[in-house]
Amino acid sequence: MVGLQYLSGDISGGNARCIAMLQAFQDAIRDYTVPSEKTLVRDLTAKISSYVSFLIECRPLSISMGNAIRFLKSQIAKLPLTLSESESKSSLQSDIENFIYEKIILADKAIVEHAVTKIRDGDVLLTYGSSSAVEMILLHAYELGKQFRVVVVDSRPRLRGKLLLRRLVEKGLSCTYTHINAVSYIMQEVTRVFLGASSVLSNGTVYSGVGTACVAMVAHSFHVPVIVCCEAFKFHERVQLDSICSNELGDPDAISKVSGREDVNDLDAWANTENLQLLNLIYDATPSDYVSMIVTDYGMIPPTSVPVVVRKYSREQVWI
Amino acid sequence: MGAPKKSSARVSEDHDELVRVPLQAILIADSFTTKFRPITLERPKVLLPLVNAPMINYTLTWLESAGVEEVFVFCCAHSKQVINYLEKSEWFNQPNFTVTTIESQNSVSAGDALRVIYERNVIHGDFVLVSGDTVSNMSLTQALLEHKERKKKDSNAVMTMVIKRSKTNPAIHQSRLGTDEIFMAIDPDTKQLLYYEDKADYSKGTLHLENSLLADNPSLSLHHDKQDCYIDICSPEVLSLFTDNFDYQHLRRHFVKGLLVDDIMGYKIFVHEICSDYAARIDNFRSYDTVSKDIIHRWTYPLVPDVMNFGNTTTKLERQGIYRASEISQSQSAVVGPFSVIGFGTKIGNNTKILNSVVGEGCKIGSNVHIEGCYIWDNVTIEDGCKLRYGIVCDGVTMKSGSALEPGVVLSFKVVVGKEFVVPTYSQVSLLQQPIEEDSDEELEYADSTSAITSTLDKSDGESDSELSDTHFNPASELGFGGVGYIWPKCEGGHEEEWRHSVAPITEDKILEAVKALEDELELILDGNTLPPSGELKPNSIDSDEDDNDDLRDDFDKEVEETFLRAVHENIQENHLTLEVNSLKLSYNKIAADCAGALFYAMMKYAVDMPHSSAERLTQNVQAVLTKWKKVLTSYLNDMDEQIEVILKFEEMCLESAKEYAPLFTQILHYMYNEDIIEEDAILSWEDEKKEADESDKVFVKQAQTFIQWLKEAPEEDDDKED
């Protein structure tokens, strides 16, 4: 069910996908009964793996989801054999509950608290796409009565910025909406760039929705500070130098068709053309040089300190 | 855009086998309303600057770009000014675009204008009908094509109206353009307009649709989120229709509704909805504000200040929607906020703030001035320390130092606001006194006298300014020390309108008020439905308002009374009088009881008005009148309810209008009983009804007690006798 929602794009965004997956697992564990002549630990791990492979079929996992699955599996493995079936099930369910609460909801709150201190009166803040953490920061700052303006930069084909824009305007923020083509024009007015991230890699590279790197680079060349907001559970010890080596490919039709414009049909028969390939990347990697600061639940850190967080976080997980 | 246009032209040539007629448009350069007063007393509405360009320029530019080749500008009020302006502008010598002016001094409505145009016989094919205050960037091609296709299939499809989805505020029932919401019924398949109501009465909360409307159409969609753009594509028949129906005045109220109601001719109106294009009409100050903002936000592109440069100045768009013309001198410390327009040659002093405003050409703005949400036209002088919020300031106004405008103010031409004077909210200030009559054609009468004044003023600005302030100089003016101008007294009903139509943003409390009123109304309607009707008979259905009901009744009563008096004086026969009262009964939608009551009232009134010296004489009068007109009255008194109504009416009269009857109540009642006007059952049930009433209401019951007692005993005697 959740997988199909991923496929259709009803659930998108790192946090939303992760929470949906964990809740699905919670349900799965509740419905799970240990078959006879099998141990819970082994069988459940296999079961979870099969679920995960279904999810991967629907849409490749994001790094944050990978982290969450790893956490769940380690929790299953650590279950003492002495526990009865129902006890171990309830302990797993509460573990998942805690994970969602501590690592996602509380983490977001901490990030908002930290990031709001970086918004001053008269600021012009730019954001790209739609990030739940950035949205919360903006709304919180607005509630605090800070005077600022928001520039929402968006890009085809997903146009997720529109949704963010709608929510911000409804709350009464003063907004400007533009597409990534105009980012070099609008960047002159901007005083700060707030970006969300799908993941932060241990060399400080920010792995996020395609276009983020472009925005960060333009901001860097205009000497505008780039602030990346990312929860610590999305950090990963992997090192990635460019965005091609590990990425997700979207539906190529999405970029060949323009919704609401039937007259733009030059690429309609692209599948029949042998020497044409459409590339619809979902993510890209922003080198750490272009990132001024990363806001996490542990505080505000420079991108060079990411390995510290990764180490601390993985140690913490071990000790849970 | 080029391709579809060509094909449309070809289609019409192939199929119609007619010579292609150039696309024509009628532009009515007069709105025939007084919404823009006091400004329109001195300058026609179409020449008022909208973001520093006269409104008519927007309309003409759009018509030109939409492929219209011939435009007839109909001028009425201030026609000289319009014609002079057009002559000076470039519109008369454009290639492929001819502008012709038609002048008429005695037209008082759009209907008259179209009749004049019909007489000129200049329209040969389909034409576009717009008013000179329309701002749009829509492409007419599609709408024209649809219109032509429909016309080919059905020659009765005479008009295509352009509509657009509007944003409305549910609480105050009006769109962002300050107009009321419109209810439309549209056939979703054919797009035919079936019902149009722009003056829906929200207090009733109901909408009346003809039964046949639902019966004849398989599907019908009812909209109230649509906005009428007042752009119509008409067939030539429309003009002749106006000539045939000489009482059509208003385009929508009379013409559209007239066509929809009239099923004899079978003419049909269709709608064309635009989605992404812009179209709006400036109908009042609020729509002036909204459309100005839309222009500044570039929704009307290419009709934006930096693209359409009228005259020789160029306007440049800067970041965050700031438009600046050339030769502006602005102090370093002055701030021009986003979405503002500053005109040519304007000077701005130190520490001045201009936010969300439009400033015209050649204005002088002093230091420490705060301007927010204002529309300041040309050559305005604002001295140091003024505060202006959400107002319209016309040409040549002077604001002395320290003065202030509260939200919603309109300052007409050449007004001078005195030192430290605060102009109260929503006031309208003009050099001219407010005309006494509130009539829509008033504007026309002023046309000649005022155009003379303004034309002299236009010639020599500086001179006349000093001249004026000399002649009108009055230290104790309404506008503070050194001020010139009159604050117009608020007209009745204006209070309600002013916040709806002014440029000031609608305040929170107004919206809350409206929401509350709405809830109250709902409650009222609910109450009306749940409470049992009181002793008084209610002839009308519940959905009509109480006040409404009373008004109708009064009218009806008067009407009946007059008819009766006429009958008395002219010796009209009884049955003729009955006939007349019957027709009144039908036209006012009354029942027999009302007729009886009204007629009885008229008779008694007549009797009491006849000269009488004593109570006895009065009784005789009454008896004479009643005997004479008994037949008429009894023809309405078939039922007991009606007789009771008469008694109640009599009682009411005795209490209020004709106290002389009070002592004679029983006597006259008895007489009426004897004359068989009123039966005993009616009197008894009247007494029954009164038992529940207050003490004060029982005066007459007590007075008639002996009579009633006698009545009660009488039948028994009768029975005894029969036995």
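**View 1. Overall make-up of chain A in the predicted model.** The secondary structure of chain A comprises 11 helices and 11 strands, where helices (H or I, at least four residues) and strands (E, at least two) are DSSP runs numbered from the N terminus. Chain A has 320 residues, of which 47% count as buried, a term that stands for under 20% relative accessible area, with exposed meaning over 50% and partly exposed lying in between (1.4 Å probe, protein chains only). Of the contacts in chain A with a separation of 6 or more, 79% come from residues 24 or more positions apart, a contact being heavy atoms within 4.5 Å. This is a predicted model, in which local features need pLDDT of at least 70 and side-chain atom pairs count only at pLDDT 80 or more, while totals for chains, interfaces and linings use all residues. Residues are numbered from 1 along each chain as its sequence is written, chains are lettered from A and ligands numbered from 1 in the order in which they are written, and side-chain values use heavy atoms, with hydrogens and water left out.

**View 2. An aromatic pair of chain B.** Over all chains the structure holds 12 aromatic pairs, counted when ring centres of Phe, Tyr and Trp (its six-membered ring) lie within 6.5 Å, with planes under 30 degrees apart called stacked, over 60 edge-to-face and the rest tilted.

**View 3. A cluster of rings in chain B.** Ring pairs join B:Phe36, B:Phe285, B:Tyr288, B:Tyr375, B:Trp377 and B:Phe413 into a cluster.

**View 4. Arginines over tyrosine rings.** B:Arg281 lies over the face of B:Tyr230, at 4.7 Å from the ring centre, and B:Arg319 lies over the face of A:Tyr185, at 4.1 Å from the ring centre. A charge sits over a ring if NZ of Lys or CZ of Arg is within 6 Å of the ring centre and within 35 degrees of the ring normal.

View 5. Apart from its neighbours within four places in sequence, B:Asp112 is in contact with B:Asn106, B:Ser107 and B:Gln249.
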